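This report goes through one protein model, part by part. Please keep the sequence and the 3D view at hand while reading.

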Amino acid sequence: MLGSIYYYDYVSSTNNEAKNLAEKYKITSGLVIADCQKHGRGRFGKKWTSIKGNFMGSFFFPVKNYKEVSKMQHLSLNILLKCFKKIFKSTIFKIKEPNDILIGDRKISGILIESFKVNSQLFVIIGMGINLVKNPMLSKYKTTNLYKESKKKMSVLDFSKILIKEMESVYKCS
């Protein structure tokens with residue numbers, strides 16, 4: 001079990017909030033979801049544009065060592081890919097290494113893996129941003145959203161349920 005779900009209307013960053021829950025409140029695992037995050041980020045601190053109605057969430061849980069952390073990127077992308085294929089019954093999705101999922105040449109999702117220690121316990125955070133219903137218009141690369149591509153509208157809650165089930169089948173955490 002990946003722990004409890006912590007839902008917020010607004011956070012600075014779901015990854016930051018996950019770390020705060022572990023450090024300040026000694027919570028060992030869970031999923032942080034927010035309707036809005038002001039300082040969402042991607043790799044190398046790049047800004048992640050957060051739009052209400054899309055999934056912005058961060059799983060966090062303890063791991064044994066940094067070798068486990070290094071495996072999270074690939075595993076998490078494959079979990080998302082499996083979710084998308086299951087929900088939308090399509091094979092149009094593809095992984096763009098190191099941390100994105102595309103439909104054609106358009107980005108629909110990104111992940112950010114971070115680790116930290118509380119006392120001597122190592123934790124991993126798997127932050128995910130998924131364009132469920134809207135996508136930002138960016139100059140650096142093309143984006144899209146799942147609703148636009150599939151005409152199937154999915155709520156954050158419904159998507160979360162499917163994602164949690166897939167995450168729990170891979171990451172057997174307590």
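Predicted model: local features only at pLDDT ≥ 70, side-chain atom pairs only at ≥ 80, totals over all residues.

## Strands 1 and 2 and the helix between

Strand 1 (4-11) and strand 2 (30-37) pair in the parallel sense, and their pairing runs over 7 bridges. Together with helix 1 (residues 14-25), the two strands make a β-α-β unit, and the unit is right-handed.

Helix 1 has 12 residues. From its first C-alpha to its last, helix 1 reaches 16 Å, close to the 16 Å expected at 1.5 Å a residue. Which residues of helix 1 are buried? They are Thr14, Asn15, Glu17, Ala18, Leu21 and Ala22. These buried residues pack against strand 1 and strand 2, and also against strand 3, strand 6 and strand 7.

## Strand 7 and its partners

Strand 7 (121-130) pairs with strand 3 (55-63) in the antiparallel sense, over 9 bridges. In this pairing, phenylalanine 61 stands opposite valine 124 of strand 7. Strand 6 (106-118) also pairs with strand 7 in the antiparallel sense, here over 10 bridges. Isoleucine 111 stands opposite methionine 128 in strand 7.

How much of strand 7 is buried? Of its 10 residues, 9 are buried, so strand 7 is largely enclosed by the rest of the structure. Buried here means under 20% relative accessible area.

## The turn at asparagine 119

Strand 6 and strand 7 form a hairpin, with 2 residues between them. Asparagine 119 is found in the loop that joins these strands, and its phi is positive, about 55 degrees.

Is asparagine 119 buried or exposed? Its relative accessible area is 72%; since exposed means over 50%, asparagine 119 is exposed. Asparagine 119 and alanine 22 are 97 residues apart in sequence, and their C-alpha atoms are 11 Å apart in space. Alanine 22 is one of the buried residues of helix 1.

## Helix 4

Helix 4 covers residues 156-170, which makes 15 residues. At 1.5 Å a residue, helix 4 should span 21 Å, and its end C-alpha atoms are 21 Å apart, so the two values agree.

The buried residues of helix 4 are Val156, Phe159, Ser160, Leu163, Ile164, Glu166 and Met167. What covers these residues? The cover includes strand 1, strand 2, strand 3 and strand 7, along with helix 2 (66-88).

## Pocket and cavity

The largest pocket has a volume of about 630 Å³. It is lined by 35 residues, and those closest to its centre are Gly42, Lys46, Trp48, Lys107 and Tyr141. Helix 1, strand 3, strand 5 (100-103), strand 6 and strand 7 each supply at least two residues of this lining. Which element gives the largest share of the lining? Strand 6 does, with 5 residues.

The model also holds 1 cavity of 30 Å³ or more. The volume of the largest cavity is about 70 Å³. Its lining consists of Lys47, Trp48, Thr49, Lys107, Asn131, Pro136, Leu138, Tyr141 and Thr143. Trp48, Lys107 and Tyr141 line this cavity and are also among the residues closest to the centre of the largest pocket.

Notes: Residues numbered from 1 in each chain as written. Heavy atoms only, no water. Helix = DSSP H or I, 4+ residues; strand = E, 2+ residues; numbered from the N terminus. Expected span 1.5 Å × (residues − 1). Buried < 20%, exposed > 50% of the residue type's maximum accessible area, 1.4 Å probe, protein only. Contact = heavy atoms within 4.5 Å. Pairing = 2+ DSSP bridges. Right-handed = clockwise from strand over helix to strand, strands pointing away. 1 Å grid on protein atoms, 1.4 Å probe; cavity = no way out; pocket = protein on both sides within 12 Å on 5 of 7 lines; lining within 4 Å. Points joined across faces, edges and corners; volume = space filled by probe spheres on them.
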